[in-house]
Amino acid sequence: MDQVEGEVHSAGPFTAHGTLLLTCVLPTSCPSDGQRELLDLEMPTHSTVWALRLLAWSQAAGHSATPSIYQLNSPHHFRLLYRKGPTWYEILEDRQTLASLGAVRYWKSLGLEKGLIHLEPQPKETRSSQDFWDGLTNLVGLDVRSRVSSQQSELSWARRMFAVVRQADVQGRDGRAFAME
């Protein structure tokens, strides 16, 4: 992934027409060289993350060497990730505009010509996660997963707020003292 990031550099991710230039790294590989497939997109800055997700998905389904992965799944089966230094971040809020993303501000501060977004499959649900949701369903008396999926934006906001606190806590603690506890 570092090789791809080295290719994307220069003046800024915005064009004179008010659009954002992006390179999406797809989860599929080129059959000829085994490298991850790349998809270049140009999106209006007032577009939402959901519009980006849909455009990337439809373009990948039409131009990928293995389109079946996109045709058999929906855009929600993949995460949008970007890299800020050594740390990976997920773009969670589908209703957020592209111009207001922290990733875009970061790319602009670096003077990058194009932003770089990775489409990665959602992690598989673990057995302990399934047990948790089943237990919660039994306690509450209704299937919480269906409620959560219908309120995706509120859940995304809550996840983002918890993640910020957790990341600050992890980065601020003394690793040696933490390991000794």
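## Aromatic pairs

Ring pairs join Tyr 82, Tyr 89 and Trp 107 into a cluster. The model is predicted. In total, the structure holds four aromatic pairs. One of them is Tyr 82 with Tyr 89, and this pair is stacked. Its ring centres are 5.6 Å apart, with 25° between the planes. Tyr 82 counts as buried because its relative accessibility is 9%, below the 20% cut-off. Tyr 89 has 23% relative accessibility, so Tyr 89 counts as partly exposed.

Phe 132 and Trp 133 form an edge-to-face pair, because their planes stand at 75°. The centres of these two rings are 5.6 Å apart. Phe 132 is partly exposed, with a relative accessible area of 48%.

## Overall fold

The protein chain has eight helices and five strands. Along the sequence, the pattern is α-β-β-α-α-β-β-α-β-α-α-α-α. Among contacts with a separation of 6 or more, 61% come from residues 24 or more positions apart.

Of the 181 residues, 30% count as buried. The chain exposes about 11300 Å², and carbon and sulfur atoms supply 55% of that area.

## The largest nonpolar core

In soluble globular proteins, nonpolar side chains tend to be buried together. Here the largest nonpolar core holds 25 residues. Leu 52, Trp 107, Ile 117 and Leu 119 touch the most other members. Six elements are listed as giving two or more residues to this core: β1 (19–29), β2 (36–44), α2 (49–63), β3 (78–84), α4 (102–110) and β5 (115–121). α2 gives the most, with five residues.

What does Leu 52 contact beyond its neighbours within four places in sequence? Its partners are Leu 22, Leu 41, Met 43, Leu 80, Leu 98 and Ile 117. Ile 117 is also among the core residues that touch the most other members.

Glu 120 lies in strand β5. The side chain of Glu 120 makes a polar contact with the side chain of Arg 36, at 2.8 Å.

## Helix α5

Helix α5 covers residues 127–140, 14 residues in all. At 1.5 Å a residue, the helix should span 20 Å. The C-alpha atoms at its ends are 20 Å apart, which agrees with that expectation. Gly 141 follows α5. The phi of Gly 141 is positive, near 95°.

Notes
Residues numbered from 1 in each chain as written. Predicted model: local features only at pLDDT ≥ 70, side-chain atom pairs only at ≥ 80, totals over all residues. Heavy atoms only, no water. Helix = DSSP H or I, 4+ residues; strand = E, 2+ residues; numbered from the N terminus. Expected span 1.5 Å × (residues − 1). Core = buried A, V, L, I, M, F, W, Y, C linked by side-chain atoms within 4.5 Å. Buried < 20%, exposed > 50% of the residue type's maximum accessible area, 1.4 Å probe, protein only. Contact = heavy atoms within 4.5 Å. Areas by Shrake-Rupley, 256 points an atom, 1.4 Å probe, with all protein chains shown as cover. Polar contact = N/O pair within 3.5 Å; in protein donor to acceptor, adjacent residues only side chain to side chain. Phe/Tyr/Trp six-rings, centres within 6.5 Å; stacked < 30°, edge-to-face > 60°.
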